[in-house]
Amino acid sequence: MKESNDILGKIKGNDGIDVPEGYFADFAARMTASLPERPEIESDGAVVAMPRTFWQKIRPYTYMAAMFAGVWCMLKMFSLMSSPADPLSIESYPELADALGDEQFMKEYVADELNQWDLIDELSDVDVDLDSLPMPDDNDIDSESIHNLPENFQ
């Protein structure tokens, strides 16, 4: 016996939804009767526009300003990402160079942060002969020791 693959044929067109007789004949009249009345439409047919609020007037300009601000931020980010070859060069920051030249600044901020081992590590990184340097007895480095560094370290 051969089976049929026609699924709609198996249910014989009955999908389980029945519409009463004459339902759509007077559907438009019943729908119109169930809607609320709108006097602005029924009066003369002309629709009166509501006055625009302040926000509705400036909204396009606000959106345009936000768009330009976004483009500016994007371009600023691109310029920051394509920074110069040596961004940590002291020549790029003259204020920092002036501050590091001030002895009071060096005493208060730099000398307190350095210890002997940090200074020895830095000197060995720039190939300074450590045997030629006088070593202080304590671990604290004062500003006088910092200013007496060899020329290739400063």
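Axes here are lines fitted to C-alpha atoms, for helices over the stretch in contact, and angles run from 0 to 180 degrees between N-to-C directions. This is a predicted model, where local features need pLDDT of at least 70, side-chain atom pairs count only at pLDDT 80 or more, and totals for chains, interfaces and linings use all residues. Residues are numbered from 1 along each chain as its sequence is written, and side-chain values use heavy atoms, with hydrogens and water left out.

**View 1. Helices H5 and H6 pack against each other.** H5 covers residues 94-101 and H6 covers residues 103-110; helices are DSSP runs (H or I, at least four residues), numbered from the N terminus. Their axes sit 5 Å apart at an angle of about 90°, so the pair counts as roughly perpendicular (65 to 115 degrees). On the H5 side, Ala99, Leu100 and Gly101 make the contact, and they meet Glu103, Phe105, Met106 and Val110 of H6. Contact just means heavy atoms within 4.5 Å.

**View 2. Phe105 sits in helix H6.** Skip its neighbours within four places in sequence, and Phe105 is in contact with Ala99, Leu100 and Val110. Its relative accessible area is 25%, so Phe105 is partly exposed (buried is under 20%, exposed is over 50%, and partly exposed lies in between, with a 1.4 Å probe and protein chains only).

**View 3. A nonpolar patch lies on the surface.** Its members are Tyr61, Met64, Met67, Phe68, Val71, Met74, Leu75, Met77, Phe78, Leu80 and Met81, and together they have about 1,200 Å² of accessible area. Areas come from the Shrake-Rupley method with a 1.4 Å probe; for residues, only the protein chains shown count as cover. To join a patch like this, residues need over 30% relative accessible area and no salt bridge, with nonpolar side chains (Val, Leu, Ile, Met, Phe, Trp, Tyr) joined within 5 Å. Take Phe78: this residue belongs to helix H4, residues 54-81, and at 46% relative accessibility Phe78 is partly exposed.

**View 4. Arg30 and Asp26 form a salt bridge.** Their closest N and O atoms are 3.4 Å apart. The rule asks for a side-chain nitrogen of Lys or Arg within 4 Å of a carboxyl oxygen of Asp or Glu, and the count comes to one. Arg30 is partly exposed at 37% relative accessible area, and Asp26 is partly exposed at 37% too.

**View 5. The protein chain has eight helices and zero strands.** Of its 154 residues, 8% count as buried. The chain exposes about 13,900 Å², with carbon and sulfur atoms supplying 59% of it.

Terms used. Patches are made of residues with over 30% relative accessible area and no salt bridge: like charges are joined within 9 Å, nonpolar side chains (Val, Leu, Ile, Met, Phe, Trp, Tyr) within 5 Å. Helices (H or I, at least four residues) and strands (E, at least two) are DSSP runs, numbered from the N terminus. Angles under 35 degrees count as roughly parallel, over 145 as roughly antiparallel, 65 to 115 as roughly perpendicular and the rest as oblique.
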